[in-house]
Amino acid sequence: MGYEVALTKAWEKVAALGLTKTETKFLADTYSVDLEARKVFSLSCNTAAKDFTTILILHYLAVSLKGLPALTNEWASFKELSGIEGYAEAFRQRSILPILHKYGRNPSEILSVLERFPGKRVNEADIGIVVEVFAQVPVMILLWRSDDEFGPEASILFDKNINRIFCIEDIVVLAGLVALKL
């Protein structure tokens with residue numbers, strides 16, 4: 001089945017805003033978006049974006065062209081977002097577990113991410129960073145070291161307005177891509 005229906009709707013939504021070509025940053029990469037050719041192209045990798053990345057970028061553009069909501073500077077876990085029913089396990093599998101697999105034994109290694117991606121260290125958990133995924137779309141990643149009672153743990157937090165930019169499916173994909181690229 002694939003992503004054809006979602007792609008078509010996303011392209012139509014952005015095209016209805018009168019855009020023909022633009023560029024947008026996603027993590028450390030810049031993507032060229034050509035609505036006439038219906039192509040999203042990574043400028044740093046010199047390749048076409050995968051369908052799920054294209055959908056995410058188009059959904060972001062559809063909101064950003066109308067005006068992104070102001071950041072609340074209040075953070076919400078995935079469980080605190082509305083409409084997550086049925087997505088919690090997918091979120092954990094795609095985002096939390098890969099972060100734990102990569103950084104669980106040595107959480108401070110996640111700080112090296114800030115050399116590649118726009119963001120900053122924050123004084124939360126044992127180690128915390130905020131990464132700017134898109135302009136005005138920050139994601140906070142928190143790590144806790146293991147101790148005698150508990151294993152390592154991780155959490156991903158979003159600005160409380162994330163639901164005004166992306167649907168829950170998009171948030172799961174976004175978190176998964178962030179985890180993958182860390």
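Let me start with S1 and strand S2 (residues 29–34), which pair in the antiparallel sense over six bridges. Helices (H or I, at least four residues) and strands (E, at least two) are DSSP runs, numbered from the N terminus, and two strands pair if DSSP finds at least two bridges between them. This is a predicted model: local features need pLDDT of at least 70, side-chain atom pairs count only at pLDDT 80 or more, and totals for chains, interfaces and linings use all residues. Residues are numbered from 1 along each chain as its sequence is written, and side-chain values use heavy atoms, with hydrogens and water left out.

Within that pair, Lys25 stands opposite Thr30 in S2. The open sheet has four strands, ordered S1-S2-S3-S4, with antiparallel pairing. Strand S1 (21–26) and strand S4 (47–48) stand at the edges with a single partner strand each, so one side of each is left without a neighbour in the sheet. H2 packs on this sheet, touching S1, S2 and strand S3 (39–42); contact means heavy atoms within 4.5 Å. The direction of H2 makes about 105° with that of S1. Axes are lines fitted to C-alpha atoms, for helices over the stretch in contact, and angles run from 0 to 180 degrees between N-to-C directions.

Now the helix pair. The axes of helix H2 (residues 51–64) and helix H4 (residues 168–181) come within 10 Å and cross at roughly 115°. Residues making the contact include Phe52 and Leu56 of H2, and Val173 and Leu177 of H4.

Last, the other open sheet: five strands, order S5-S9-S8-S7-S6, pairing antiparallel. H4 packs on that sheet too, touching strand S7 (127–134), S8 and S9.
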